[in-house]
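Could you walk me through this structure? I'm new to it and would like a plain tour.

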Amino acid sequence: MSDDYTGADLFVDTLEQYGVEHVFGNPGTTELPVMEALSHSDLEYVLGLQEDIAVGMAAGYAQTRRYHAHHDPSVNPVGVVNLHITPGLAHGTGNIFNAEFSGAPLVVTAGNHELDFRHEEPLLDGDLEQLVDQFCKDSAEVTDIDALPLLLRRAMRTALTPPTGPVFLGLPVDVMLEETDDDPLQLGEIPDAGAGDPTQIDRAADQLVEADEPVLVLGDHVARAGRDAVEAAVDLAEASGARVHGEILASEANFPTDHEQWVSFVGTGENIAKMLMDTDTIAFVGCSTHTTLLKHESPLLDEDTTAIHVTPDAHELGKNYHVDAGVLGDPGRVMTQLAEKLEDRLDEETRQERVDNVVNTKEMLAGTMQQLGEDPTPEGDTRASKADLVDTMSEVLDVENTHIVDEGVTSKFALLTRYELQPESFVATKGGGLGYGLPASVGAALAEEMTDDPRDVIGYIGDGSYLYYPNSMYTAAALDLDLTVVVPDNRNYRILKDNTLEMMGGTEEDYEFVGMDFDPHVDIPKNAESHGARGQLVETPEEIAPALEAALDADGPDVLDILVHD
């Protein structure tokens, strides 16, 4: 061992100076200099048993710590994850992809071969930047020890600056072992996306005043901007009298769903999306995934509809829909200004008429929305419905003190239509790639454990999703995290069957559904126990509440495998 101060030491010291407390990863030989430096630091290394698990944990941690940072500016919410050269980084790309869609602020690093050895094309060699650049805000490799402080600061600032997301940094072995007398560079303050163009804000306010039936579609950039932004969305809704929806595939709570002007999330199908957006004036605020799951045959938004866009991401302005007023800026700051202008410009009588119309519309749509989350129980079937499961969760859980991480896929609709989502209490898989939710729930539980008053963390993970990375529970057990994983288990890939019918028509009797059933099924409780967690099979609706209450009361991780009918 050497007493020299190396690039790896500088890397670790910089993370500590920037307020990072955990490094997630799965190590390999090219990461050994960093692992040795970590052993002499105050950083806690969080081992995942596969690289994509490590990325998912770091992302769920970062999404949850961002909520904490909204209340405590000293918190650096970035998730740092260190992976192993080409195959390890390739393993992690699934959840780097999901983290990109989720806007999780991540600094992803990977070791690499020495710079003067790569011409021999050694084992595990590959182009790391090319592998992940398409999923990252920026990517680079440290090819000179003197560039390390600058590139690390740049990576951290890029990940944290809105729109937030993953950044990649390659760390060659020889650079990490090289001696240096450099010091960490100051990180500096991270700005928000700004107050927006006053002219465009004024135009948007006029358009909302002149509207007959304004609709507000809120996306996940709202929640990412902070609780103040969600409160600004409430202020704007009330000042404008607008009907409020969540964007298609929203993965955070951008508006309290118990508010009288909240109607629903916009569904993933063409018909319901067009129906909910059939209006004269619509404001898309903070949207990032607002299009249907499958190809739509006609435009979702009428060209005659006045369209307002508010976003911190320039790429989203006019991406899929025309723009009559476009504001690039922080969603909360922009909505606050719009609400103030509408308070002055819109008379109370008009505002109340609009709210009354929203309430009437909400009542008319209630049945349709409820059907999205309900599956009638087949005669003689003793398993719970997804609605039974969510209704029981609503009764047992303390909504104000529970943080839900969702990858329920087809069970998601029951959650979205029957559970009252509150700000900073909900994150879900955004990118659509399975295998994010379970490790993300482990990361979220670790993040909650760092607070003075930790909330209960519930991983709401479909059986298909759970089976991607069941060994995520090893980390939860090793860290003795208070985490309850609820698995709505219908023992098949229901989403693929539904999409088959949507894409190709017909009825279920017309298809064999190759590769879509788990037969024989995996014993999820035993699997959980093999990784150090408690596991329990829940076979009837009556068993759900006592099982959930017992899991919440117990210390450490629990997995409840709850059978639900299809």
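Here is a short walk through a few of its features.

First, some ground rules: this is a predicted model, in which local features need pLDDT of at least 70, side-chain atom pairs count only at pLDDT 80 or more, and totals for chains, interfaces and linings use all residues. Residues are numbered from 1 along each chain as its sequence is written, and side-chain values use heavy atoms, with hydrogens and water left out.

Let's start with a pair of helices. Helix 1 (residues 7–17) and helix 6 (residues 148–160) have axes that come within 10 Å and cross at roughly 35 degrees. (Helices are DSSP runs of H or I with at least four residues, strands are runs of E with at least two, and both are numbered from the N terminus; axes are lines fitted to C-alpha atoms, for helices over the stretch in contact, with angles from 0 to 180 degrees between N-to-C directions.) On the helix 1 side, Gly7, Leu10, Phe11, Thr14 and Leu15 do the touching, and they meet Leu148, Pro149, Leu152 and Met156 of helix 6; contact here means heavy atoms within 4.5 Å.

Next, the inside. The largest nonpolar core has 58 residues, and Leu216, Leu218 and Met393 have the most contacts inside it. Such a core is a set of buried Ala, Val, Leu, Ile, Met, Phe, Trp, Tyr and Cys residues joined through side-chain atoms within 4.5 Å, where buried means under 20% relative accessible area, exposed over 50%, and partly exposed in between (1.4 Å probe, protein chains only). Helix 10 (residues 227–240) gives the most to this core, with 8 residues. Leaving aside neighbours within four places in sequence, leucine 216 is in contact with residues including Ala233, Leu236, Val244 and Val285.

Now look at strand 16 (residues 483–489), where you'll find threonine 484. Threonine 484 counts as buried because its relative accessible area is 4%. Beyond residues up to four places away in sequence, threonine 484 touches Val457, Ile458 and Leu560, among others.

Proline 162 and proline 163 are joined by a cis peptide bond, with omega about -5 degrees, and proline 163 sits in the loop between helix 6 and strand 6 (166–172). Another cis peptide bond links aspartate 519 and proline 520, with omega about 5 degrees. Valine 409 is not a glycine, yet has a positive phi of about 55 degrees; this valine 409 lies in the loop between strand 13 (402–407) and helix 15 (412–418).
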